[in-house]
Structure formats: C-alpha cells, structure tokens
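Me: I have a new structure open and would like to learn how to read it. Could you take me through it one feature at a time?

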Amino acid sequence: MASATDNTPSSEATLDTLLTGYLAGSLPPPVQVLVEAHLELNPESRRWASCLETVGGEVLDRLDPVAPRGRDAKLDAIFALDADPSPDATLGSPVALPTGIGPSGLPASIERYVGRSLSDVPWRTRLPGIREWKARSEDGYVASLFCLRAGHGLPPHTHRGTEMTLVLHGSFTDTTGRYGAGDISIADDEIDHRPVADPGGDCIGFVVTNAGLRLTGRIGRLLAPFTRQ
Ligand code: ZN
C-alpha cells in the first residue's frame, strides 16, 4: 500500500520487513517499540533477527548512503543474501534483549515507552468488555494498550490507515487467524475484521495506529462517535 512516508508499514508488510526496519532503526518510534516487545516475547524471532542483523550489517557496510526510495533495494539485498547464507550468518548469537514479560506485567520496552506498569494503567471502558488506554501520540501514530475480556470482541471495523497489534497476554481470533502472546497482527483498509478474545482469559495487547478505525456493519455506525481517535 502506498503511504505518505516510506517507513509506514502496511498489511502487506511481513514480519521480516518489520524486523529489518527495526534493526535499521527506520520505523516510527511507536512501531520500533512494538517490534522490540515482539522480540522480547518471541525467542524464535529474536534468533532470526540476529541472523538478519548479521547479514544486514555486511550489506549495509557495502552500500552507499541509502536514499529514501532505496530502502526496498536495501531489503532485497539483505533477503537475497539470506537465500544463500554463509555459515556465519546462520549461526549468529541471539540479539541481546531481555525476554518475556517483566514484573510490571509488560515487556520492558513497552513499560519504558508508556511509563507505567500494567497495574497502573488508567483504563477507560470503551464498550462492555473492552478497555483501552491511549498511552502516547508520536509522529502521527497513537500507541494504546487494550484489554478484551474473554469472549468479547471489538465491533466489526476496517481501518483508515495501518493498525499493528502485538498480543501481550491471552489471545484473540479474527478473520485472518489466531494471535497469541508475542504475535503481531497488521491490518489496513483492505482488512475488515472483528477481533474477539479467545475463551480462557482476557486478551491484553499493545496497538499502534496512524489513523482511526472505520466501523462497519449496522451497530458500528451507531458506535462510530465512541471509537474515533
Ligand atoms: Zn482492526
């Protein structure tokens, strides 16, 4: 999806694209935090990011300063090397990051970014079973925490921009699949979904958006004033 800035991820963005953007430091700050928290929660991604970093560093050392539109070429070069990795590239040690959820109930990266622990979050009830806290706005993005009570879901909606969601506790399911702790969901104006927290526990997540939602369906139109950013 075309975007005003070349560093705005879309639903077409793969996890590798986000990881590479994170390693290059080219993502908007709230998205950097989301990816870092994903790495804290997901050892497999952490190992893979380490490989990307090893290979990507070698590529970047050989490239001239990268113009904005050269970013795709940079990523292509990194992924092309991955198709024929050197032994060293496949044996990189994990990126040195803390793992998992900290004592605050949040990944350390998110706790630093929002400046609170999970128990101190000033939740606002948006709808029955749905609580939210808009933690920060930065560079055109809003970073929020949400809590869906087990079995409760957001109203059906699509997106005016890009919505990136990292699950921290529990899981949710929508038309694109099931997302558990550490998983990232990316949605944009081509995706119409209704995330519902799976049975067995509340689903708590960190979501970063660069535009408001557009509610779909009959109930959505009635609720629109309550869900706009
Ligand atoms: Zn959505």
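Me: Let's begin with the cysteines: how many disulfides does the count come to?

Reply: A disulfide is a pair of cysteine sulfur atoms within 2.5 Å. By this rule the count is zero disulfides. Take C203: its sulfur lies 8.0 Å from the closest cysteine sulfur, in C147, which is too far for a bond. C203 is also buried, with a relative accessible area of 0%, and C51 is buried too, at 13%. Here buried means under 20% relative accessible area, exposed means over 50%, and partly exposed is in between (1.4 Å probe, protein chains only).

Me: Before we go on, what kind of model is this, and how are residues numbered?

Reply: This is a predicted model, where local features need pLDDT of at least 70 and side-chain atom pairs count only at pLDDT 80 or more, while totals for chains, interfaces and linings use all residues. Residues are numbered from 1 along each chain as its sequence is written, and side-chain values use heavy atoms, with hydrogens and water left out.

Me: What does the protein look like overall, in helices and strands?

Reply: Helices (H or I, at least four residues) and strands (E, at least two) are DSSP runs, numbered from the N terminus. In this protein they come to seven helices and eleven strands. Of its 229 residues, 48% count as buried. A contact means heavy atoms within 4.5 Å; among contacts between residues at least 6 apart in sequence, 66% join residues at least 24 apart.

Me: Now the charged side chains. How many salt bridges does a search of the whole structure find?

Reply: Side chains of opposite charge can pair when their charged atoms come close. The rule used here asks for a side-chain nitrogen of Lys or Arg within 4 Å of a carboxyl oxygen of Asp or Glu. The search finds four salt bridges. In one of them, E36 pairs with R112, and the closest N and O atoms are 3.1 Å apart. E36 lies in helix α2 (residues 29-41) and R112 in helix α6 (residues 108-114), so the pair ties together parts that are 76 residues apart in sequence.

Me: Are E36 and R112 buried or exposed?

Reply: E36 is buried, with a relative accessible area of 18%, whereas R112 is exposed, at 57%. Another bridge joins E138 to R136, with the closest N and O atoms 3.6 Å apart. There E138 is partly exposed at 23%, and R136 is partly exposed at 33%.

Me: Which residue does R178 meet in a salt bridge?

Reply: R178 meets D198, at 3.2 Å from N to O. R178 belongs to strand β7 (residues 177-180) and D198 to the loop between β9 and β10 (203-209), so the pair ties together parts 20 residues apart in sequence. R178 is exposed, with a relative accessible area of 59%, while D198 is buried at 14%.

Me: What sheet does β7 belong to?

Reply: Strands of a sheet pair through backbone hydrogen bonds, either parallel or antiparallel. Two strands count as paired if DSSP finds at least two bridges between them. The open sheet here has three strands in the order β7-β6-β9, with antiparallel pairing. β7 and β9 stand at the edges, each with a single partner strand, so one side of each has no neighbour in the sheet.

Me: How many bridges join β6 to β7, and to β9?

Reply: Four bridges join β6 (residues 171-174) to β7, and two join β6 to β9. β6 and β7 form a hairpin with two residues between them. T173 stands opposite R178 in β7, and the bridge partner of T173 in β9 is V196.
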